[in-house]
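User: I'm new to this one. Can you walk me through it?
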Amino acid sequence: MKGLMLLRIAVAVILLTHSVFGIFNNGINDFGNLYLNQIGFAPFGVFLAWSIKLSHIAAAVLLLLNKYVEPAGFVTIFILVMGIILVHFQEGWFVVGGGRNGVEYNFLLICVLLAVMFPDGLQKKN
């Protein structure tokens, strides 16, 4: 179980840093205006970008508290899958090295979240 705690903390740190820095460097607004609005989400791109980042912060807090891990994980996985579909898939597999901005990082985060959400697999609960 200590390994799961480490994974929960690691994912929480990743979600927090990925979101909090965007609050202070205008990254969230840029993502909304310069990307989401441009691919068809206008005029809701900035709202959607803020919703994504705030959900990451909420999920991180819940993971740190070990509360509502499954709902937090499902929401985060949905966002990561949409990121794969809308952003990363066209760039291929590799984040760096064999490519740039690919799906491998999101894939890893999804697998870690699933492991945290279902530490015993998908067995029936008694």
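Analyst: One term to begin with. Buried means under 20% relative accessible area, exposed means over 50%, and partly exposed is in between. Keep in mind that this is a predicted model.

User: Okay. Is Asn 66 buried, partly exposed or exposed?
Analyst: Asn 66 has a relative accessible area of 47%. That falls between 20% and 50%, so Asn 66 is partly exposed.

User: Where is Asn 66 found?
Analyst: Asn 66 is in the loop between H3 and H4.

User: What about its backbone: what is phi of Asn 66 near?
Analyst: Phi of Asn 66 is near 60°. That is a positive value in a residue other than glycine.

User: Why point that out?
Analyst: Most residues other than glycine have a negative phi.

User: What is phi of Tyr 68 near?
Analyst: Phi of Tyr 68 is near 50°. That value is positive as well, and Tyr 68 is not a glycine. Tyr 68 sits in the loop between helix H3 (45–65) and helix H4 (69–88).

User: Buried or exposed, that Tyr 68?
Analyst: Exposed. The relative accessible area of Tyr 68 is 64%, and the cut-off for exposed is over 50%.

User: How far is Tyr 68 from Asp 120 in space?
Analyst: Tyr 68 and Asp 120 are 17 Å apart, C-alpha to C-alpha. In sequence they are 52 residues apart.

User: New topic: peptide bonds. Which bond is cis?
Analyst: The one from Ala 42 to Pro 43 is cis, with omega near 5°. Most peptide bonds are trans. Pro 43 is placed in the loop between H2 and H3.

User: Now the inside. How many residues has the largest nonpolar core?
Analyst: The largest nonpolar core has 18 residues. Val 11, Leu 15, Leu 63 and Leu 113 have the most contacts inside it.

User: Which helices supply at least two residues of this core?
Analyst: Helix H1 (2–24), H3, H4 and helix H5 (104–117) each do. H5 gives the most, with 6 residues.

User: What is Leu 113 in contact with?
Analyst: Leaving aside neighbours within four places in sequence, Leu 113 contacts Val 11, Leu 63, Gly 73, Thr 76, Ile 77 and Leu 80. Val 11 and Leu 63 are also among the residues with the most contacts inside the core.

User: How do H4 and H5 pack?
Analyst: H4 and H5 pack at an angle of about 165°, with their axes 10 Å apart. Angles over 145 degrees count as roughly antiparallel, so H4 and H5 are roughly antiparallel to each other. H4 passes H5 in a left-handed crossing.

User: Which residues in H4 and H5 meet?
Analyst: From H4, they include Gly 73, Thr 76, Ile 77, Leu 80 and His 88. From H5, they include Asn 106, Phe 107, Leu 113 and Met 117.

User: Tell me about His 88. Buried or exposed?
Analyst: His 88 is buried, with a relative accessible area of 15%. Not counting residues up to four places away in sequence, His 88 touches Gly 83, Asn 101, Gly 102, Val 103 and Asn 106.

User: And at what angle do H1 and H3 pack?
Analyst: H1 and H3 pack at an angle of about 150°, with their axes 8 Å apart. H1 and H3 are therefore roughly antiparallel to each other. Their crossing is left-handed. Val 11, Leu 15 and Ile 23 are among the H1 residues there, and they meet H3 residues including Trp 50, His 56 and Leu 63.

User: What about H3 and H4: how far apart are their axes?
Analyst: The axes of H3 and H4 are 9 Å apart, and the packing angle is about 145°. The crossing of H3 and H4 is left-handed. The contact is made by residues including Ile 52, His 56 and Leu 63 of H3, and Val 69, Thr 76 and Ile 79 of H4.

User: Where do Phe 31 and Tyr 35 lie?
Analyst: Both lie in helix H2 (residues 27–41). They are 4 residues apart, about one turn of the helix. Phe 31 is partly exposed at 28% relative accessibility, and Tyr 35 is partly exposed at 23%.

Definitions and conventions
Residues are numbered from 1 along each chain as its sequence is written. This is a predicted model: local features need pLDDT of at least 70, side-chain atom pairs count only at pLDDT 80 or more; totals for chains, interfaces and linings use all residues. Side-chain values use heavy atoms; hydrogens and water are left out. Buried means under 20% relative accessible area, exposed over 50%, partly exposed in between (1.4 Å probe, protein chains only). A nonpolar core is a set of buried Ala, Val, Leu, Ile, Met, Phe, Trp, Tyr and Cys residues joined through side-chain atoms within 4.5 Å. Contact means heavy atoms within 4.5 Å. Axes are lines fitted to C-alpha atoms, for helices over the stretch in contact, and angles run from 0 to 180 degrees between N-to-C directions. Angles under 35 degrees count as roughly parallel, over 145 as roughly antiparallel, 65 to 115 as roughly perpendicular and the rest as oblique. A crossing is left-handed if the near helix is turned anticlockwise from the far one by less than a right angle, and right-handed if clockwise.
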